[in-house]
Amino acid sequence: MKANFSKKWKVALAITGVAGVILALNIPAVNAQFKNAAFAALAEIQKNVWAAGASAGESLPVFAGESLAEENRRLRAQASGFWVQQAQIDALKKENEFLRQGLNLELEKEFDLKLANIAGKILARDILIIDKGAHDMIAPGMMAIDSQKAVVGKVIKTYDNFSEIQLITDKDFSFDISIGENAIGGLFRGLGGLNAEIGLVPRDAALAPGQRVYTSGLGGIFPAGLLAGAVKEIRQNDVETFQTAAIAPAFDVAAARQVFVAVGKHPMDSALSAEINGGND
Amino acid sequence: MAEMIKKLILIAAAVIALFLLQTSFAPHFPFFAGRWFEWANFITLPVVLFALFERRRHNLGWGLAVLGGFLLDIYSARFFGFWMIILLFAVLAIKLGIKKYVRLPSFW
């Protein structure tokens, strides 16, 4: 009887303890401090595991969702076109270098770019944890890009030394885009699971697989001209007014190790920034 | 007692290693990008399997559920405690429900 009573007390104490910890860790200030400490404790190992994963992701196509035979066929088809493209590329290279220098200068003049290492990814969401936070002047709403100036996403939450970056592929992330050389307007939508699509593209607009998709600068989230991805598969329907297309995002999570956060002047207007900050409180 | 502590440390180390694989290694593979991976992930599956094949009088499954849930909660967009509660209920269901009616081999 006594042993049974003691066991019941132990169980009750354990349940109360777990419930107390859960309640305490749901207080926003405690939660932020705790998560910052937890990220800090694990960050060094996680950065190494992330780097190892990036290397493995590049060399192990087993889980890439594409069979080796398919990949071989696709690569052979691509390679046959490369000989012709090479000659054109050589001619454009000189001009491109000059223009790129100009673009780099412009972007770095406009934004103070902070380099951050990726430590991990939030479960079932396209949100990355990076090792720079409020102490590094990072704030919610700031945009993140990669070394190729491809748009990565935006900061949605900051801790003292870490931040959460919502990738453009995260569910419900959307922004205005400009497609191809004709600058066709449209809307980029994240679908989750590292997938994305474009919508609100007029039915008569000429979309083609491989067309580059850039940020348009409208909506205030990103400046114009940043690469977002390429058109993968067009979906047209005679009944619909607009056409949609699957997008291959330019930012490759599988190979990424670092991102840049634009901490200087960020392009969001104050109303949108306030909305995001309010939504994360 | 010493044996128990040794076992506990080994299991905790294994759960932390699985957690690192879950949050920092698996995201590099599109195979693990699906919605299914939220539920059947590197932590929930071992916790459930451990509880299934644990002797009824042993209690390590509970500790494993708390530790695994706690780690998942750090890297979850849901409220803190969600995974701890889910895993504790899963272990409870296994220990009080399934194991009462289904005879499974016990490995630990």
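Me: Which pattern does chain B follow, read along the sequence?
Reply: This is a predicted model, in which local features need pLDDT of at least 70, side-chain atom pairs count only at pLDDT 80 or more, and totals for chains, interfaces and linings use all residues. Helices (H or I, at least four residues) and strands (E, at least two) are DSSP runs, numbered from the N terminus, and chain B has 5 helices and 0 strands. Read along the sequence, the pattern of chain B is α-α-α-α-α.

Me: What radius of gyration does chain B have?
Reply: The radius of gyration is taken over C-alpha atoms, and the globule rule is 2.2 Å times the number of residues to the power 0.38. For 108 residues that rule gives 13 Å, and the value for chain B is close to it, so chain B is as compact as a globular protein of that length, with a radius of gyration of 14 Å.

Me: What percentage of the residues in chain B is buried?
Reply: A residue counts as buried under 20% relative accessible area, as exposed over 50%, and as partly exposed in between (1.4 Å probe, protein chains only). By that criterion, the buried share of the 108 residues in chain B is 43%.

Me: How much area do chain B and chain A bury between them?
Reply: Buried area is the accessible area (1.4 Å probe) that two parts lose on being put together, summed over both. With contact meaning heavy atoms within 4.5 Å, 31 residues from chain B and 36 residues from chain A take part. Carbon and sulfur atoms carry 74% of the area that the two chains bury between them, which comes to about 2,800 Å².

Me: Which residues in chain B lose the most area to chain A?
Reply: Residues are numbered from 1 along each chain as its sequence is written, and chains are lettered from A in the order in which they are written. Together, the residues in question make up 28% of what the chain B side buries, and they are His28(B), Tyr75(B) and Phe80(B).

Me: How many helices and strands does chain A have?
Reply: Chain A has 281 residues, of which 38% count as buried. Its secondary structure comes to 4 helices and 12 strands.

Me: What separates the C-alpha atoms of Ala32(A) and Lys157(A)?
Reply: Ala32(A) is placed in helix H2 (residues 28-59) of chain A, and at 27% relative accessibility Ala32(A) counts as partly exposed. Lys157(A) is 125 residues from Ala32(A) along the chain, and the separation between their C-alpha atoms is 9.6 Å.

Methods
Side-chain values use heavy atoms; hydrogens and water are left out.
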